[in-house]
Amino acid sequence: MAQDVKPTRSELIELKKKVKLSESGHKLLKMKRDGLILEFFKILNEARNVRTELDAAYVNATGKINLASAVNGMVAVKSTAFTAKESPEIQLSGHNIMGVVVPKISSTGVRKPLIDRGYGIIGTNSYIDESADAYEDLVEKIITAAELETTMKRLLNEIEKTKRRVNALEFKVIPELIATMKYIRFTLEEMEREGTSRLKRVKERMKNQA
C-alpha cells in the first residue's frame with residue numbers, strides 16, 4: 001500500500017485524518033462488541049432457565065396426556081382435542097438491542113378458561129383438564145424459548161460481524177495506514193536531505209566559480 005501513494009505532505013495530512021477516524025471507529029466498535037457480549041450472556045442465563053422449564057413442562061404434559069389416555073382411551077382424548085373452537089394466535093414484532101433488531105413474540109388464546117376450551121364438562125374428567133393445562137403451559141414455554149433463542153442467534157451473528165470489523169481495523173487497516181505514514185515521512189526526509197545536499201553542492205560550485 002505504501003508504494004501506491006504519493007509521498008506528499010498533503011497525503012500525509014490525509015492519512016493522519018484517516019488514522020484518527022479509524023482509531024475512533026475501532027474504539028466505538030469495541031464498545032459495541034463488549035456491550036453485545038454482555039447482553040448475550042444476560043439472555044443466555046435467562047434462556048437456560050427457560051429451557052430447563054421447557055423440558056420439565058414437556059415431561060409433565062407427556063405424563064398428563066398418557067394418564068388421560070389410559071383412563072379415558074386415546075380415541076376419547078383425541079375427540080376432545082378436536083372440539084377446540086379457536087387456535088392460539090402468535091404476534092411477531094421487533095425491538096432494538098444496540099442496533100440489532102431482535103424478535104418480540106407475544107400470543108393470545110394459549111391459556112383458556114375451562115368453559116372456553118370447546119369440550120363439554122360433562123363426559124370429560126379432571127385428567128383431560130389437567131392435560132389441557134399442561135399443554136397450555138408447554139406452548140407458552142415454547143414461545144418464550146423461541147423468542148430468547150432467536151434473539152441469541154441474532155446477537156451472536158452481530159457479535160461475530162463486529163469482532164471481524166474490530167480485528168480488521170486493529171490488525172490490518174490502522175497498521176497499514178501507520179506504515180504508509182512512516183513511508184511518506186521517510187521519503188520526505190530523504191527528499192529534504194537530497195535537496196539540502198544538492199543546494200550545498202550548487203553553492204560550493206558557485207563559490208568556486210567566483
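Leu-67, Val-71 and Tyr-127 make a nonpolar surface patch of about 240 Å². In such a patch, residues have over 30% relative accessible area and no salt bridge, and nonpolar side chains are joined within 5 Å. This is a predicted model, where local features need pLDDT of at least 70, side-chain atom pairs count only at pLDDT 80 or more, and totals for chains, interfaces and linings use all residues. Residues are numbered from 1 along each chain as its sequence is written, and side-chain values use heavy atoms, with hydrogens and water left out.

**The patch**
- Tyr-127 sits in helix H3 (residues 126-209); helices here are DSSP runs (H or I) of at least four residues, and strands (E) of at least two.
- Tyr-127 counts as partly exposed because its relative accessibility is 33%, with buried meaning under 20%, exposed over 50% and partly exposed in between (1.4 Å probe, protein chains only).

**The hairpin**
- Strands S1 (residues 89-97) and S2 (residues 100-108) run antiparallel, joined by 9 bridges; strands pair if DSSP finds at least two bridges between them.
- Across from Asn-96 you'll find Val-101 in S2.
- The hairpin has 2 residues between its strands, and Met-98 takes a positive phi near 50° there.

Definitions and conventions:
Patches are made of residues with over 30% relative accessible area and no salt bridge: like charges are joined within 9 Å, nonpolar side chains (Val, Leu, Ile, Met, Phe, Trp, Tyr) within 5 Å. Accessible areas come from the Shrake-Rupley method with a 1.4 Å probe; for residues, only the protein chains shown count as cover. A salt bridge is a side-chain nitrogen of Lys or Arg within 4 Å of a carboxyl oxygen of Asp or Glu.
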